Amino acid sequence: MENEMTFVVQSLIDLVNTIALKGDFIKSHKKECAALSRRVKLLVPLFEELRESRQRIPQTVLPCFYALEDALQSANKLLQMCHSGSKLYLVLERQAVAEQFQKVTDYLSQTLDALPYAKLDISDEVREQVELLHNQLTRAKGRVDSHELQLYTDLVSVLRDKDNEPAGVAALQRLAQKLELKTSGAIRQENRALQEMMLEKENQLDGCESDMNFPELFSVCRKLTSILPAEDGEDSDTPELDRVNIAAGVFTPKPGPTKHDEVRVGSGPEKRALYGNETNAGEKAGHPAIPDDFKCPISLEMMKDPVIVATGQTYERSCIQKWLESGHRSCPKTGVLLPHEGLTPNYVLRSVIAQWCETHGLEVPKKPGSKPKPVKTPEYSAGERATVDHLLRKLTSSQPDMQRAAAGELRLLAKRNVENRICIADAGAIPLLVGLLSTQDLKTQEHSVTALLNLSINDNNKGAIVNAGAINPIVEVLKTGSKEARENAAATLFSLSVVDENKISIGNSGAIPALVDLLKTGTSRGKKDAATALFNLSIYQGNKARAVRAGVVAPLLELLEDANAGMVDEALAILAILATHQEGRVAIGQASAIPVLVDLIHSGSSRNKENAAAVLLALMVTDAANIEKARELGAYAALTDLASNGTTRAKRKATQLLEHMRKQEGQKICPAALPLKIMVQQVLQAAPLKDSLKFGPVNQSLPD
């Protein structure tokens, strides 16, 4: 039952995230779509608290969540229709679509009303937010949108115009402009969408005659084609034609000089490595301007396969791989040394890029083939395999001394080169080493966990280690092993957590409290291993609350204040990621972090100033009292400088912080003082009264 509830809550979170993405890339009924998407996103805190709750949810509550899931599915389906459906159909059926929005809104309101809040382990803040959402849904009523009404009027006019009257042509041109049906490619896409909706309606009617005249809408598509500029001629070579061809998927770039082998790098945060042409071909061809967030910072071209590196920056996979293969070990954009070379797919950004392309009638960039270019697999010799087999026989011996010696030799072999790591895994050593993690011999345990750490450097071995059931035994070593074994266990968990699904498994295993303990009590090396593991695990939302509850904030602040520890970068990066969670913001605020954050904004590195500003902004948004604290500590001057001279992200955060400060400063005037000031001014302006009282000259202007 508990697993079923967990599955339902996670399904609801995924569904809300899907709806949130659609809300920003809608083709029709934009106001209704934006309102529905915005309201649905307000449910995220509810679902996240339920996922993190330790209280068992009664079985009687489950049907309520299934009903809520069904309502959200209805919302998702409606938004998808407005996103990818025929524009002409949606305009003509605007009243029916508006009624569907009202039905979905009412359905969501009913399902929220049925939730038994008293039986749910949620905070008062979240409950108030859900109740506010429920009230919004209850009061929501459809309103006539003048923009949609004008589109409908124009479309009806075009449908009725049989003789190409001037009024009909003018209406057609307005439709083409407002619905962005101004190119051959866009019209072809509309035609396909219209065909799909016609087939869908026919299937729903199951052979009955439809009251919807699709042929007339197809005729509108033909009319739209007839008013296109004369750009499709064989001799045409205009940017607009290139755009049409790209939309149709048949564009082939003209041959020209390329610099595929050239890597040019500047210095500092402005560094760039250019693979291929410097100017994006799509923008040359007259496409809509590609948002900067969609471009790889290296190639400056729209990303097809975006991946995230250890610093949190996103790059095109092929570009960052070339960068790393060239021997670089730093982040190209920030210049920060990469603690590891793992690449995490940015699925959300890839989906957003695809939807943007569809919205603008462009071909969706296709991810490079899943088959990588042939790479010669490192080969090991028969002699090396024989050596490993011999060690494995010793590893299965009943003699502790022999096991210890074999585990130690495998540890060294796995450290030496990639061929050995492949050979040891192929020979079947991983399950045996995992088994030895539970031995009472601390040295054998240390050798085994370190051997697994060395083997995990090979990406293919990560899955084998997890599948062998290694996570829980590694966590046990982290808790009870020798000093070196604990450090290497933390490093192993970090290596395995590079794979996204492993972040969840490791978080569920109880590893985070043990890592926090190592962060408090470990050696300098142990603290660094614990910090890198905690950072990587906290990328997953569910692990942020676990880290906060394990008490991670206090030792992180101690590391921020101890420059000699050499871990300011790591500690601040973890705090920045925890500050994106409500529990994290509360814990950081209660730990009196503002003074050290302000100091870092004054004198830290560029990266530290950026992260300190991000944490401080999160604290100000959570509690307005923090604004005055920061001001008293001299944050205003430092933020003003950062807003002018910081990194792009730092400038944005600093500007937001300054706006909060100015807003609070404007509210400092006591509301009760304003009427008094006005009253005194009015008295002073009463000339007869002034003359009769003979008070002498009076300054009638009060100081503001």
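Student: Which residue forms a salt bridge with Arg631, and how far apart are the closest N and O atoms?

Tutor: The partner of Arg631 is Glu628, and the closest N and O atoms are 4.0 Å apart. A salt bridge here is a side-chain nitrogen of Lys or Arg within 4 Å of a carboxyl oxygen of Asp or Glu. This is a predicted model, in which local features need pLDDT of at least 70, side-chain atom pairs count only at pLDDT 80 or more, and totals for chains, interfaces and linings use all residues. Residues are numbered from 1 along each chain as its sequence is written, and side-chain values use heavy atoms, leaving out hydrogens and water.

Both Arg631 and Glu628 belong to helix α33 (residues 625–632), three residues apart, or about one turn of the helix; helices are DSSP runs of H or I with at least four residues, numbered from the N terminus. Glu628 is partly exposed, at 23% relative accessibility (buried is under 20% relative accessible area, exposed over 50%, partly exposed in between, with a 1.4 Å probe and protein chains only).

Elsewhere, shared partners join Arg411, Lys443, Glu446 and Glu484 into one network of salt bridges. Within it, Glu446 pairs with Arg411, the closest N and O atoms being 3.2 Å apart. That pair links distant parts of the chain, 35 residues apart: Glu446 lies in helix α20 (residues 442–455) and Arg411 in helix α17 (residues 400–416). Glu446 is buried at 5% relative accessible area, and Arg411 is buried at 15%. The whole structure holds 22 salt bridges.

Key
Helix = DSSP H or I, 4+ residues; strand = E, 2+ residues; numbered from the N terminus.
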